[in-house]
Amino acid sequence: MSNQIELRHLTYFLAVAQELHFRKAAEKLFISQPGLSRQIKQMEEILETQLFERNKKKVGLTPAGHYLKKEVEFIFNHIEKVERQLKLVGDGDSGELRIGFLGSAMQQVIPKMLLQIKEKYPKVKTSLEELSNFAQVDAVLKNQLDMGFVRVSRVPSTLEMKTVFTDTFSLVLPERYPMLTREFDGMERFAKEDFILFSQAYSPLYYDTILSICKDAGFAPKVSHKSVHAHTIFKLVENHMGIAIVPTSLQNGFQMRVKFVELKDIPQRAELSVIWKKEHTNPVLKNCMELLLEG
């Protein structure tokens, strides 16, 4: 005989405690009345406590039985709540999504995705962390992030990568630069300018792409400053410390004394990709990835 209380004991006990009638409780449980009586007797022996007062006319709860009934009702309610919560988490309807991103992803892709998540999965919490490409790849590999928004040409084989936004590049000039936007006739005229770029360590692919844009125009850019923040780059341009080339969508949200010239006629494009681990265990991620890739 088992010397510890099991869940079935509590189920049987609660049925008898609610019905205060062994035959009715046995019918409710679809077991025989003698079998139910044996289970209750076994339970009382394990607990070394009498739970029911029995006589020929009626069944009643002892003080210990009354106490146990309240506790068992609480236990079953809690189990039911846990099961409901597990189903929600299992379905990806609640839980947490940890997102890494480059600043440029915050212009269009992430706000749209967050709105979709809020509408469809209001119980999902999101946390955001701005990190370099390398730091995001590392954090996703280590399960510190569920997904990242990066500009890289390749990722380790244990990660998935999908392009979510393709952007043109734009030249960033001081507001009073002696050239009207409509007069732009190619990058060649900027060969002697100082360039301000996102740092190579922050985004190697971006850095190499900007060099290739200049190379296609017949020059290697003189790089005067590097930064990891768009605001800093724009501020340096505003103060005539150089010019820059950035993904076009980065011009949104900044009120600064700079002007943008979209480079539509070059083959280079700024690709923003989402990365995530192939073998992930977060059900929330699956649902949110579907939203992102459908949208």
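**Basis.** I worked from a predicted model in which local features need pLDDT of at least 70 and side-chain atom pairs count only at pLDDT 80 or more, while totals for chains, interfaces and linings use all residues. Residues are numbered from 1 along each chain as its sequence is written, and side-chain values use heavy atoms, with hydrogens and water left out.

**Annotated span.** I noted that the UniProt record, an unreviewed entry, places "domain: HTH lysR-type" at residues 5–62; such annotations may be inferred rather than shown by experiment. I found the end C-alpha atoms of residues 5–62 to lie 19 Å apart, with 62% helix and 10% strand in the span. Helices (H or I, at least four residues) and strands (E, at least two) are DSSP runs, numbered from the N terminus.

**α1 and α3.** I looked up helix α1 (residues 7–19) and helix α3 (residues 33–47), whose axes come within 10 Å and cross at roughly 110 degrees. Axes are lines fitted to C-alpha atoms, for helices over the stretch in contact, and angles run from 0 to 180 degrees between N-to-C directions. That makes α1 roughly perpendicular to α3 (65 to 115 degrees; under 35 is roughly parallel, over 145 roughly antiparallel and the rest oblique). The crossing is left-handed, meaning that the near helix is turned anticlockwise from the far one by less than a right angle; clockwise is right-handed. The contact (heavy atoms within 4.5 Å) includes Tyr12 and Phe13 of α1 and Ile40 and Met43 of α3. By class, I recorded eight nonpolar, three polar and one charged residues in this contact. Ala, Val, Leu, Ile, Met, Phe, Trp, Tyr, Cys and Pro count as nonpolar, Asp, Glu, Lys and Arg as charged, and the others, Gly among them, as polar.

**Sheet.** I traced an open sheet of three strands in the order β10-β7-β11, with antiparallel pairing (at least two DSSP bridges between two strands). β10 (244–247) and β11 (258–263) are at the edges with a single partner strand each, so one side of each has no neighbour in the sheet. Strand β7 (residues 169–174) pairs with β11 over six bridges, and Val172 stands opposite Phe260 in β11. Helix α7 (residues 204–216) packs on the sheet and touches β7 and β10; its direction makes about 125 degrees with that of β10.

**α5 and α9.** I found helix α5 (residues 109–120) and helix α9 (residues 283–294) packed at about 125 degrees, with axes 10 Å apart. That makes α5 oblique to α9, and the crossing is right-handed.
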